[in-house]
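Please look over the structure below before reading on. The report that follows covers a pocket and some helix packing.

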Amino acid sequence: MSGSELAGATALVTGASRGFGRGIAAALNRAGARVVGVARDRGPLEELRAELGGAFTAVPADATDPVAAGQLIDTYRPSILVLNAGATPLPRPVQHHTWQTFSRNWEVDVAQTFHWTREALLAPRSSVITLSSGAALRGSPLSGGYAGAKAAIRWLTSYAAEESGRDKLGIRFVSVLPQLTPATALGAVFAAAYATRQDTGRQDTGRQDTAGQAPVTPPPPLTPDQVGQAVIDLVAAEVLEEKAYLLTTAGLRALT
């Protein structure tokens, strides 16, 4: 889908009320798309609607509900589907998780991706973009099953792309793996948790920073606006190199 074709297209974004989802919805709106934002909480969705105007439709719904997925796709028939909804895991090491807390991201993040991806294959759309995470590559020891769930989303997206190709459906499926960033509520929680874990580790091993060493300036954090622009770039691209892309402040990098 070219940039000109994006204008006037209908895009549906799950988890649109905050974080990356909000940035994606705003970017699609700026590009001229009619955006349907889906999230559980009506209040933040209505705030976003007031900000974006009449081209944004707020739909309070549970993205993990398979009935809602089918109904909303039938109602709005989006040509762009962005699957971003997800749960914030508890920031605890594995021994402090129960199975219920450990599996939370499978029950929310993976489940919503499965339901909407299945519906997309049954009623073909031109582009389906799923939000995975850089944690799928490196792990995330303080977030229970989060990293495994995000890895499952990447592979589920790849499987859907293969089915689209086999049946000549013309649907492009691609997953985006954003790096951890304190610019979202979830990222801020885990950036702080890992900073504390790192400091505690230094104390436990007796290691100290080298005196007089020049401080290392961290790279700027990835922002929801940058994620939104990355989604626009993927939707508008004539050809996609791969089925998954790592996203950092340096931009998109294809994953083989």
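Helix α9 gives the most to the lining of the largest pocket: five residues. This is a predicted model. α9 spans residues 185-205. It is one of the helices that each supply at least two residues of this lining; the others are α2, α6 (104-122), α7 (135-138) and α8 (146-166).

The largest pocket has a volume of about 860 Å³. Its lining counts 44 residues. Nearest the centre lie R18, G86, A87, Y146 and L186. By class, the lining holds 18 nonpolar, 18 polar and eight charged residues.

| Helix pair | Angle | Distance between axes |
|---|---|---|
| α2 (residues 19-30) and α3 (residues 42-52) | about 25° | 11 Å |
| α4 (residues 66-76) and α6 | about 35° | 9 Å |
| α6 and α8 | about 10° | 9 Å |

On the α6 side, the contact is made by N105, W106, D109, V110, T113, F114, T117 and L121. On the α8 side, it is made by Y146, G148, A149, K150, A152, I153, L156, A160, E163 and S164. The classes in this contact are 10 nonpolar, five polar and three charged residues.

The crossing of α4 with α6 is right-handed. Which residues of α4 and α6 meet? From α4 come P66, A68, A69, G70, L72 and I73; from α6 come H115, W116, E119 and A120. Seven residues of this contact are nonpolar, two are polar and one is charged.

The remaining pair is α2 and α3. Their angle is about 25°, with axes 11 Å apart. Angles under 35 degrees count as roughly parallel, and α2 and α3 are therefore roughly parallel to each other. Is their crossing left-handed or right-handed? The crossing of α2 and α3 is right-handed. R22, A25, A26 and N29 of α2 touch P44, E47, L48, E51 and L52 of α3. This contact has five nonpolar, one polar and three charged residues.

Key. Residues numbered from 1 in each chain as written. Predicted model: local features only at pLDDT ≥ 70, side-chain atom pairs only at ≥ 80, totals over all residues. Heavy atoms only, no water. Axes fitted to C-alpha atoms, helices over the stretch in contact; angles between N-to-C directions. Helix = DSSP H or I, 4+ residues; strand = E, 2+ residues; numbered from the N terminus. Parallel < 35°, antiparallel > 145°, perpendicular 65-115°, else oblique. Left-handed = near helix turned anticlockwise from the far one by under 90°. Contact = heavy atoms within 4.5 Å. Nonpolar A, V, L, I, M, F, W, Y, C, P; charged D, E, K, R; others polar. 1 Å grid on protein atoms, 1.4 Å probe; cavity = no way out; pocket = protein on both sides within 12 Å on 5 of 7 lines; lining within 4 Å. Points joined across faces, edges and corners; volume = space filled by probe spheres on them.
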